[in-house]
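Subject: Structure handover

Hello,

Here is the structure for you to look through. My notes on what was found in it come after.

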Amino acid sequence: MPPATFESPELVDLFTTYTARPDSIGAHLAQVTAMATERDPLLVVTGTDLALYRGGGAPPVIEPYRLATRGFKELAGISHLGPALATLARLRELASDESGGDASDHVSWRTDAARLLDATKAARAASSTRLWRDQIAVRAFAGREESIAAMIDYSCLLTERFLQRALDDPAYLTMTAVRRDHLAGPAGHGDLPVPFNKVMIATFYLTGMDIAHRLITWLDAVDIGWERAMVIFAGQAGRPTAGVTQESHSVAGVVRAVSRGRLAPDRVFIAPHAPVFPPYKPAEQDTSLAKALELGYRRLWAGLRATSELAGGMFEGYPRFAAPFAERVTIGPGTASVSAKPALKGPDDWFALVTRLRVVMEDPTQLLSGAVTDYASSELVAHANDPSAVTVPGLDGEPYPHITQ
């Protein structure tokens, strides 16, 4: 039997003559194509930055968007209260199965519930209108700081009440109770004036609105010629399985909205394994590491594009591939399943909004925080990038108590 690692040098040489070598025929096509587009704008989006390579040897212009985000973790901490209660209910259920029905003394879920209760009380005490207005101070939130503080106060109190009841009566901690008394309702005696599902949408929208507002401001200012633009989303975005399609990559939704229909989907490539430059530090103004990757990025984009265009000449007369992105599907109570985030009829389309919460949790390709970023982006573009002119679903007009401190 020949060794498992044997390779025929002659046949392997034939393989590498076309591909897998810097001087291969395929590499030459990518190089020639890259040279033809060396003056076209190239936008590279990493998990932390946007880099615009204008071409012609000019240094890149870089905009950090992730590390410059303020209030993200604070809002995420609030949005996590819903999944945290559901997780505790699941832990108690598993503990009950293991113990033959009695999970009242199981250490894990009770310890976690007590820890969450303490953390929630501390967060409520720390949050205030002043904190959001003067310290966190997100420009896109201006004018809404009191409402945000009131929403957080309500969310924490609602969660504290639920946790305390669960600790006092472990049998209460079920997924049914989580849905009825926290997430969706209807709870008894008017105890749930704002279902927590609305809070989760509000926190996701606020975060998406902040990032979108900053990116729209920057992208409009750099004035990209979108019809000729080459776009690459490089590296990992969110959890390891997420952001690998234009539909599931939240920043792709922002870029698509800013282009106002001028960026063709086939000029955008998601490249999760492409190299990325280190997070940009504006104080140092050093773009050399990003600049060093420009040629590789251009050849990557050009090689993918050239191979796609080659297919049309080779297989003329057969159906062509069309990028799968399409209009989002409108859903209703009779819809059993969706394959992507559904369309939204407006900020009060709560069936579709909450369905998006389920989709981003259930579909591993989705970014958890990207439930409504595309919608926030589109709304901002439609309203001249003015955050005060859009409606934040789950926040604006909801009956949260007023907090003035």
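A salt bridge is counted here when a side-chain nitrogen of Lys or Arg lies within 4 Å of a carboxyl oxygen of Asp or Glu. By that rule the structure holds 21 salt bridges.

Before the details, some notes on the source. This is a predicted model, in which local features need pLDDT of at least 70 and side-chain atom pairs count only at pLDDT 80 or more, while totals for chains, interfaces and linings use all residues. Residues are numbered from 1 along each chain as its sequence is written, and side-chain values use heavy atoms, with hydrogens and water left out.

The chain as a whole

The chain has 14 helices and 5 strands. These are DSSP runs numbered from the N terminus, helices being H or I with at least four residues and strands E with at least two. Along the principal axes, the C-alpha atoms fill a box of roughly 75 × 65 × 45 Å. Of the 405 residues, 46% count as buried (buried means under 20% relative accessible area, exposed over 50%, and partly exposed in between, with a 1.4 Å probe and protein chains only). A contact means heavy atoms within 4.5 Å. Among contacts with a separation of 6 or more, 69% are between residues 24 or more positions apart.

Salt bridges

Arg-124 forms a salt bridge with Glu-160, with the closest N and O atoms 2.8 Å apart. Arg-124 is in helix 5 (residues 107-126) and Glu-160 is in helix 7 (residues 145-168), so this pair ties together parts that are 36 residues apart in sequence. Arg-124 is partly exposed, at 27% relative accessible area, whereas Glu-160 is buried, at 7%.

Asp-396 forms a salt bridge with Arg-144, and here the closest N and O atoms are 2.9 Å apart. This pair links distant parts of the chain, 252 residues apart: Asp-396 is in the segment after helix 14 (373-382), and Arg-144 is in the loop between helix 6 (129-136) and helix 7. Asp-396 is partly exposed, with a relative accessible area of 29%, while Arg-144 counts as buried at 7% relative accessibility.

Lys-198 forms a salt bridge with Glu-398, the closest N and O atoms being 3.4 Å apart. Lys-198 lies in helix 9 (residues 196-222) and Glu-398 in the segment after helix 14, so the pair joins parts that are 200 residues apart in sequence. Glu-398 is buried, with a relative accessible area of 18%.

There is also a network of salt bridges that links Glu-247, Arg-328, Lys-341, Arg-356 and Asp-374.

Helix packing

Two packed helices are described by the angle between their axes and the distance between the axes. Helix 9 and helix 10 (residues 250-259) pack at an angle of about 45°, with their axes 10 Å apart. Axes are lines fitted to C-alpha atoms, for helices over the stretch in contact, and angles run from 0 to 180 degrees between N-to-C directions. The angle makes helix 9 oblique to helix 10 (under 35 degrees is roughly parallel, over 145 roughly antiparallel, 65 to 115 roughly perpendicular, and the rest oblique).

From helix 9, the contact is made by Ala-212, Leu-215, Ile-216, Leu-219 and Asp-220, and from helix 10 by Val-251, Val-254, Val-255 and Val-258.

Helix 14 is mostly covered, with 7 of its 10 residues buried. The buried residues are Thr-373, Asp-374, Tyr-375, Ala-376, Ser-377, Leu-380 and Val-381. They pack against helix 9, helix 10 and helix 13 (350-362).

Loops

Asp-40 is in the loop between helix 2 (25-36) and strand 1 (42-45) and counts as buried at 15% relative accessibility. Leaving aside neighbours within four places in sequence, Asp-40 is in contact with Tyr-53, Arg-54, Arg-228, Met-230 and Arg-298.

Asp-223 has a phi near 55°, a positive value in a residue other than glycine. Asp-223 is in the loop between helix 9 and strand 4 (230-234) and counts as exposed, at 60% relative accessibility. Gln-285 also has a positive phi, near 50°. Gln-285 is in the loop between strand 5 (268-271) and helix 11 (288-291), and counts as exposed at 63% relative accessibility.

Regards
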